[in-house]
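Please consult the sequence and the model together while reading.

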Amino acid sequence: MKDKELAILGGHPTREAPFCVQPLVDKREEELVLKAIKEKNFSRYIGSMPEDKERIFTLNSIDALSIDAEWHFLGGPNIRKFSHDFASYFNVKYAIPINSATSGISVSVAALGLSDNDEIIIPGLSYTASGTAPLLFNVIPVFVDVDKRTFCIDPKKIIEAITPKTKAIICVHLLGNICNMNQIKLIAKKYNLHIIEDVAQAPGAKYEKNLAGTIGDVGIFSFQQSKNIMTGEGGMIITNNDKIAKKCRLILNHGEACMDEKSSINDLINNVGCNFRMTELSAALGIAQLEKLDIVNEWRNKNAQYLISKLSKFDFLEPPFIESEVEPIFHILAFKFKEKKINFSRDIFIAALRAEGIPVGTGYTRGMYENPIFLKKIAYGKNSYPWNSINGKSEIIYTSNQCEVINSLIKKEFLWFYHIAHPSTIKDMDDIVKAIEKIYINRDKLVQNYERILKSGDISLKQGRI
Ligand SMILES: Cc1ncc(COP(=O)(O)O)c(C=O)c1O
């Protein structure tokens, strides 16, 4: 009897064993990391002038592997191998390792030559770094709403936000889905805008058979531990453009040390001496992890597709919409909770599901425009820089409710399942399905006890990742 009763009302939970998400790591990672340690390879970068400066700056990632210099502007053996393998996989000229995707976005914005008072259009729904990273080079983020079906930036909203100051768009391929790149490319062409693809959550996803990250001017990847492939912390910038690659390599690697009296103004711009380099140990992990990219993507896809098909009988759970051009990779599986179809709120559902032993999150806790940095326009110092720069005052205003779709997704609709990743199996997905079936069968009891559950405090779990 207790098995049939909802756990939130005193019954047994559907599942007692905890769920787990862990990177897929084996002997190959151990072997490469140990080799780096034995060979005393920790970082072989040097930021100072290479002998054949111009040749080295724009040596593509494939050829860079075979140069013999050990101590180098382009990094040591693992960095160059990871760069080589990544460029081969994505079929691009340059793959530039970096210490995080956050740094990758900042560096790309700087390498594209954006500066004070320029505006960059960004979806208001993403991990905070997609919105704050441009500020590092004084570029003004302009947040727009997302498409309510794909959760990616809405091309119509991009057009509405364009001003004479707009210079670029950051397309965040959220949760492994891909933005409507055909429409975005047309807009970028018409208004002469750069496209930065934030591929942190979509490595290996495809749009019309093209890998995400290879469609715009630059693609940025994250290898933070929670990502599909990881190096602990880390990232990659990819591009086919020689000038962008050279600037990225300079900016992330103490750029100013490589400059001399012959350097042009263009070479000097934004070379303010950052060190965003990846270590040899991270690159060793990256080489091994890239070999597993297809396996881990397939792992998440299999679990995600299974859950989508098993839960399709419930009209109160709406899966993400995938455009016909897109082959997604399901970084995290998000459903929309349709309150009107079941007559109780998402927060009660979440409390009931968590009580059944199923971890579920509500995604990001706020739209990026709700970050007080933006609401109060306080970034550098207390005088509203860069919105109040010597190049003029920015008219951009941020408000808590500026994006209707994002607000609704965050406050009422999102249900995020993280446990589609390794090592979760179909058996784990079955537990999620069983728990949801149990809640559905007992939905009347949940409604009858609504007030009691609200008072019990379980509902305080409503926000947050899991
Ligand atoms: C969409 C997106 N962009 C950027 C980042 C930042 O990545 P990193 O932690 O490597 O700086 C993340 C990380 O979660 C992300 O999800």
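Predicted model: local features only at pLDDT ≥ 70, side-chain atom pairs only at ≥ 80, totals over all residues.

Me: How many helices and strands does the protein chain have?
Reply: Both kinds of element are DSSP runs numbered from the N terminus, helices being H or I with at least four residues and strands E with at least two. On that basis the protein chain has 19 helices and 15 strands.

Me: What radius of gyration does the protein chain have, against the value for a compact globule?
Reply: The radius is taken over C-alpha atoms, and the globule rule is 2.2 Å times the number of residues to the power 0.38. The C-alpha atoms fill a box of roughly 80 × 55 × 40 Å along the principal axes. For 466 residues the rule gives a value near 23 Å, and the chain agrees with it, at 24 Å.

Me: What share of the contacts with a separation of 6 or more is between residues 24 or more positions apart?
Reply: Two residues are in contact if their C-beta atoms, placed from the backbone, lie within 7 Å. In the protein chain, the share for residues 24 or more positions apart is 73%.

Me: How many residues does each domain give to the contact between domain 1 and domain 2?
Reply: The bounds, which come from an automatic or database domain assignment, are 27–291 for domain 1 and 293–365 + 406–462 for domain 2. The centres of the two domains, taken over C-alpha atoms, are separated by 33 Å. The contact takes 23 residues from domain 1 and 21 residues from domain 2.

Me: S108 lies in which helix, and is S108 buried or exposed?
Reply: A residue is buried if 20 or more other C-beta atoms, placed from the backbone, lie within 10 Å of its own, exposed if 12 or fewer, and partly exposed in between. Beyond its neighbours within four places in sequence, S108 is in contact with I196, V218, I220, I237 and C248. S108 lies in helix α5, and with 33 C-beta neighbours inside 10 Å S108 is buried.

Me: Why is helix α14 described as largely enclosed by the rest of the structure?
Reply: Helix α14 spans residues 346–355. Its buried residues include the charged-class R346, D347 and R354.

Me: In β5, which residue is the bridge partner of V172?
Reply: Two strands pair if DSSP finds at least two bridges between them. Strand β4 (residues 166–172) runs parallel to β5, joined by five bridges. In β5, H194, I196 and D198 point one way and I195 and E197 the other, and all are buried. The partner of V172 is D198.

Me: Which are the edge strands of the open sheet of three strands?
Reply: The order in this sheet is β7-β6-β11, with antiparallel pairing. Two bridges join β6 (residues 206–207) to β7. The edge strands, each pairing on one side only, are β7 (210–211) and β11 (326–327).

Me: Is L175, whose phi is positive, buried or exposed?
Reply: L175 is found in the loop between β4 and α8 (181–191). Its phi is near 60°, a positive value in a residue other than glycine. With 24 other C-beta atoms within 10 Å, L175 is buried.

Me: Where is the proline of the cis peptide bond that joins Y385 and P386?
Reply: Omega of this bond is about 10°. P386 is found in the loop between α15 (372–375) and β13 (388–389).

Terms used:
Residues numbered from 1 in each chain as written.
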